[in-house]
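Colleague: I have a model open and would like to learn how to read it. Could you take me through the features in turn?

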Amino acid sequence: MHNLLQLIVRFSNFLLLVGLEVVAFIFVIRGNMYQQMVANGAANAVTASIQLANDNVTSYFRLRSDNAQLLEHNAQLLQENNLLRARITQNESDPSRPKHVNDTITTRKRDDNETITDNTFYLPSDRDYAFIPARVIAFSNDRHHNYLTLNKGERDGVTPDMGVIGKDGIVGVVQSVSTHFAVVAPVIHEGLYISSRIGKNDYMATLHWHMPDIRHAALEDVARHVDIKVGDSIVTSGMSAIFPAGMPVGVVSDVSIGEGDSYYDIDIELATDFRSLRAVHILKYNHRAELDSIQ
Amino acid sequence: MSNWLKYIGIFIMLLFLQVLLLDNLHWLGLVHPFIYIWAIILLPIELPRWLQMLIGAAIGMVMDLFTHAPGIHMAGCVMMAYLRPLLVSGVVQDIDRMKGAVTSDTIGMGNWLRIVAILVGVHHAIVFMLEAFTFAHFGYTLLQIILSGIFSYALLLMLEYLRKNA
C-alpha cells in the first residue's frame, strides 16, 4: 500500500497529464455538446463581441467590394421581380385562370396598416420562410470543421438548425446561438451533409465537402444510370425544413466513374464563395413547430 | 503580484494578436500560425508542475472558445506545459534554483532555440492532427504541421527578439 502511494506520488505529474489529455479528447469527440453548453453561457458572447469589434473596424476597408456585391445582388432581384411581375400580368389577363389562385394571393396579402419589422420580410410561398438579414463577422476556411459567426442571435429570433443563404446560394446551417450571435456550420464543414437534387431531373443526392478546397465539394450517392453532365445545376431538395426546395447549391464541374463502379465521383463547384461572403440571410421556417410535432 | 499582472497583460495581448490578426489571415490557406503559445513558454518555471499544466489547460481552453473547436488547443497546451520543465531540466544545471520565464536570457539562446522548436512541433502536431481527426489526408496534415510550425517559430523568435530589446 505504501509502495503504491509512493508510486502515485512519483508519477503524479504524468497521471495529471494523462487525465487532462483524456478530458481534452472527450471534449474533441463530444464537440457539439460542449459547444451547445458554451453557446448558452456567456463565453460565446464575449468571443463574438471581440470578433464584432474587430469586424466593425475592418469592415470599412471592404465597403467598396461589399457595395459592389450588394448592387449585383440588387440587380438580380430586380430582374427576378420584373419576371414575376410579367407573370402576374400574364396570369391576370388569362381568363381561364382558376379563381382560387387569386383568392389565395389576396388572403396572403398583408394588411396595409400592419408594419413590417425592418429586419424581416415575408414571401408568400407554399412553405413560409422569414428572412433575417445578417452579417458575417468572423469565419474560418482552413479547417476541417469551419465556422461562420453572424451578428444575429436569439434576440433576433435565430435558433439552431435554421438555414443560412447568401446571394449566390446556400451557405450553411445555424449550429448554436447566444443572445446576439449565431455560429453557423457552413457547407465547407466536414460534418455537414446537404440533401440536394440534380436540377434537371430531380434525382436526389447528398452534398459533402472535404478539406481543403473551399470552392469544390463532392456529390455522393448518384448511381450509374443517372443522367448527369458537367454544367448541370445542383439545388436543395426541400426534404427538410432547413432550406426551401430549389436553392442553388452549385454546378457540376467534373464527373467520372470507374470501371465497375456503381456510383459516380462528382465534383461540384459550390455556388457560394466563402472568401468574399459578407451579407447573408437566415431562413426562419414559420411552421417549424407544427412540422416537428407531426414528424 | 506585479509580475502576474504583467503576465496576464502579455497573455491578453497575445490572444488579441492571435484572434484578431493571425486567425484572420485566410489567404494563407495551409499556414495557420499560433503565437499565443508564447504565454506557456513564459510561465514561471518555479511553479509546481501540476499548476503549470492546469494553467496550460486553461490557456488552451480560452483559445478553443475562439475557434469553436473544443479540446484541440487544450490537448496541445497541456502537453507543452508538461514537456517544458522536462526539457529545461535537461539543459540547466539546477532547475530547482531557476526562477522566472524560459527566455534566451535564462537558458541561453541555443537552448531556447532547441527547446522552443520541440515545443512548437509537439503543439502543432497535436493541434492539427486532432483537428483533422483522421489519417486519411495525412500528407496534407503533415504539410500543415510543418509550414505552420515554421511560421509560428519565426514569429516566436521575433517576439523573443523584441522582448530582449524592449
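Modeller: Start with the fold of chain B. Among contacts (heavy atoms within 4.5 Å) in chain B between residues at least 6 apart in sequence, 71% join residues at least 24 apart. This is a predicted model, in which local features need pLDDT of at least 70 and side-chain atom pairs count only at pLDDT 80 or more, while totals for chains, interfaces and linings use all residues. Residues are numbered from 1 along each chain as its sequence is written, chains are lettered from A and ligands numbered from 1 in the order in which they are written, and side-chain values use heavy atoms, without hydrogens and water.

Colleague: How many helices and strands does chain B have?

Modeller: Helices (H or I, at least four residues) and strands (E, at least two) are DSSP runs, numbered from the N terminus. Chain B has 7 helices and 0 strands, in the order α-α-α-α-α-α-α along the sequence.

Colleague: What percentage of the residues in chain B is buried?

Modeller: Buried means under 20% relative accessible area, exposed over 50%, and partly exposed in between (1.4 Å probe, protein chains only). Of the 166 residues in chain B, 52% are buried.

Colleague: How do I read the interface, and what area is buried between chain B and chain A?

Modeller: Buried area is the accessible area (1.4 Å probe) that two parts lose on being put together, summed over both. Here the figure is about 3200 Å², with 68% from carbon and sulfur atoms. In terms of contact, 32 residues of chain B meet 35 residues of chain A.

Colleague: Which residues form the salt bridge?

Modeller: A salt bridge is a side-chain nitrogen of Lys or Arg within 4 Å of a carboxyl oxygen of Asp or Glu. The rule finds 1 across this interface: Arg143(A) with Glu131(B), whose closest N and O atoms are 3.8 Å apart. On the side of chain B that touches chain A, H3(B) gives the most, with 9 residues.

Colleague: Why does the length of helix H5 of chain A agree with its residue count?

Modeller: The expected span of a helix is 1.5 Å times one less than its number of residues. Helix H5 (residues 63–92) of chain A has 30 residues and should therefore span 44 Å; its end C-alpha atoms are 42 Å apart, which agrees. The buried residues of H5(A) are Asp66(A), Gln69(A) and His73(A). An α-helix has 3.6 residues a turn, so residues three or four places apart point the same way.
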